[in-house]
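Subject: Handover of a structure and notes on its contents

Dear colleague,

Please find below the sequence and the structure that I am handing over to you. My notes on what was found follow directly after them.

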Amino acid sequence: MLYTEILKDSAVFTRVYKRGGRASAGGAVGYFLKNNRPYNRFGITVGKKVGGAVERNRAKRIIRAAYRKNELLLPIGYDIVIVARGDTVGMKSFGLDPFFKKLAREIERSSEKNSH
RNA sequence: CGAGUAAGCCAUGCGGCAGCGGACGCCGUUUUACGGCGGAUGAGGAAAGUCCGAGCAUCGCAGAGCAGGGUAGCUGCUAACGGCAGCCGAGGGCGACCUCAGGGAAAGUGCAACAGAAAAUUACCGCCGUUUUUCGGCAAGGUUGAAAAGGCGAGGCAAGAGCUCACCGCGAGGCAGGAGACUGCUUUGGCGUGUAAACCCUACCUGAUGCAACACCGUUUGGUUCGGUAUGUCAAUGUCUGCUCGGCAGGCAUACCGUUAUAGGUGGCUUGAGCCAUGUGGCGACACAUGGAUUAGAUAGAUUGCCGCACAAGACAAAACUCGGCUUAUCGGCUUAGUCGCACC
RNA sequence: GGCCCGUUGGUCAAGCGGCUAAGACACCGCCCUUUCACGGCGGAGACAUGAGUUCGAUUCUCGUACGGGUCA
């Protein structure tokens, strides 16, 4: 990943859920919050509902692969958390492309709102 | 050929492009750190459930008894076990074979609803003798129930009864066999049910906590926890396992010093009572000898993304300190050895 | 990763190994009322699941599934 760190602090996760913006499209939900850093921080959440260890790991892999592919779409300087849903497991990684496009659009729209 | 039994093995494979984890080598780089390149390597038979047993670590070590917990045929195997092997007993199957918490109810306490006379030192209806008030003897027959006082047949008797006898079951003694559980023979007693996955008794085992253990390095602020020293004050308390004996420490407040908690990092962290082959011993579990191969060690947590080919199909499922078992989930395929049935020679 | 609990009608729940498994709220029918509510009468509806022990299991034992708590 080019300009991304992995997000591990549970306090940051909570802050992103509470204060961040939100975008959802087939297979996943994304949360984002401005972090004022020269890089992005990226985290994945997979709940127990998705399945056992095998299914959860697979969901994480698919999301990671899709993120790597779509990283250039996203603006820099955000904390991004993606939550897997039950149907994420059965998808191909390019199946998440529309989701990332929507996420990028939502982030841009919110930043415009804040600057005005 | 069909059905069924037991034991064991495999767990989709191959290729292309891009990528991930920890090592290794080379290069860059002032050392650390960091970056680049390279070829190799990288989840399971159950990694799962966490049901047992160990290693390892810390705490307590001054122990003893009780309590609590666990196990339950015998002999062995093992580091150990609640595991495994062989055998004994009981039960199931035509059979190969399979299943069993399989000690004690004659140490004591409890429970056995409903029904029934009665659920444990029984007597309602009965039977017999005497007599028709009764008194005495008896437990065959009856009903209920999951279970009714050893079973069944014959003799015997007033009627009956292990009262007597044969066979069977049970207990006790003796003899023989066996390492033992136990088995066989024989003598003898006439013999009050079930439940211990009810309390309990007997024998054996058992300190507690768990890698988020623990060891080391170390940041910042504060003064929460614990320890030491000093001063003051109080006369009871804390701790070692829940309790008792016993041991150790007096307790509280303040001040100072250390420690701990509150970011993090490194070690622990993978070679192990391990695996494979052959030989020897053993019925076997297993042991010993020789030879060989040993490559996950992450820390938000690595095997992927996209695509092609093959076949009828691709299940259950992801290491987190490590082993030995047990249990549970599982698409299918293969191998070996017995058994039963049918047909043919 | 380790440890510890629980599961009874739609919901909350009681239940010595033995009755038809209490009770409350909710639901349905009837009565009461001009009507609704309150009240009265009646009714339907459950032991998570698979084995074992026992004459008999919601209860005891073991396995499985699901749910919850706890240790940073």
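Glycine 86 has a relative accessibility of 55% and therefore counts as exposed, the cut-off for that class being over 50%. This glycine sits in the loop between E5 and H3. Its C-alpha lies 9.0 Å from that of glycine 47, although 39 residues separate glycine 86 and glycine 47 in sequence. Please note that this is a predicted model, and that the values in this message are computed from it.

Overall fold

Chain A contains three helices and five strands. Read from the N terminus, their order is β-α-β-β-β-α-β-α. Of the 116 residues in chain A, 41% are buried. Among the contacts in chain A with a separation of 6 or more, 81% are between residues 24 or more positions apart.

Nonpolar cores

Which residues have the most contacts inside the largest nonpolar core? They are Leu74, Ile80, Ile82, Leu96, Phe100 and Leu103, in a core of 25 residues. Two or more residues each are given to this core by strand E3 (28-34), strand E4 (40-45), helix H2 (53-70), strand E5 (78-84) and helix H3 (97-115). There is also a second, separate core of seven residues, and Val29, Tyr31, Leu33 and Val83 are included in it. As general background, nonpolar side chains in soluble globular proteins tend to be buried together.

Phenylalanine 100 is in contact with Ala66, Tyr67, Asn70, Leu74 and Ile82, when its neighbours within four places in sequence are left aside. Leucine 103 lies in helix H3, and its relative accessibility of 0% is the reason why it counts as buried. Apart from residues up to four places away in sequence, leucine 103 touches Ala23, Gly30, Phe32, Leu74 and Ile80.

Isoleucine 62 is part of helix H2. Is isoleucine 62 buried or exposed? With 6% relative accessibility, isoleucine 62 counts as buried, because the cut-off for that class is under 20%. Beyond its neighbours within four places in sequence, isoleucine 62 is in contact with Thr88, Val89, Met91, Lys92, Ser93 and Leu96. Isoleucine 62 and glycine 52 are 10 residues apart in sequence, and their C-alpha atoms are 16 Å apart.

Helix H2 also supplies the largest share of the surface near RNA strand B, namely eight residues. In total, 16 residues are around RNA strand B, and those that come nearest are Ile6, Arg58, Arg61, Lys92 and Ser93. Lys92 and Ser93 also belong to the contacts of isoleucine 62 given above. By residue class, the surface near RNA strand B divides into six nonpolar, four polar and six charged residues.

Which parts of RNA strand B lie within 4 Å of the protein? Of the RNA atoms within that distance, 80% belong to sugar or phosphate, and the rest belong to bases. One base is approached by arginine 61, where a polar side-chain atom lies 2.8 Å from a base nitrogen of RNA strand B.

How many salt bridges are counted? The count comes to one salt bridge. The side chains of arginine 109 and glutamate 106 form it, with an N to O distance of 3.6 Å. Because arginine 109 and glutamate 106 are three residues apart in helix H3, about one helical turn separates them. Arginine 109 has a relative accessibility of 46% and so counts as partly exposed.

Serine 110 lies in helix H3 as well. Its relative accessible area is 22%, so serine 110 is partly exposed. The C-alpha atoms of serine 110 and leucine 33 are separated by 9.8 Å, while the two residues are 77 residues apart along the chain. Leucine 33 is also one of the residues included in the second core.

With kind regards

Note on methods: Residues numbered from 1 in each chain as written. Chains lettered and ligands numbered in written order. Predicted model: local features only at pLDDT ≥ 70, side-chain atom pairs only at ≥ 80, totals over all residues. Heavy atoms only, no water. Core = buried A, V, L, I, M, F, W, Y, C linked by side-chain atoms within 4.5 Å. Buried < 20%, exposed > 50% of the residue type's maximum accessible area, 1.4 Å probe, protein only. Helix = DSSP H or I, 4+ residues; strand = E, 2+ residues; numbered from the N terminus. Contact = heavy atoms within 4.5 Å. Near = heavy atom within 4 Å. Polar contact = N/O pair within 3.5 Å; in protein donor to acceptor, adjacent residues only side chain to side chain. Nonpolar A, V, L, I, M, F, W, Y, C, P; charged D, E, K, R; others polar. Salt bridge = Lys/Arg side-chain N within 4 Å of Asp/Glu carboxyl O.
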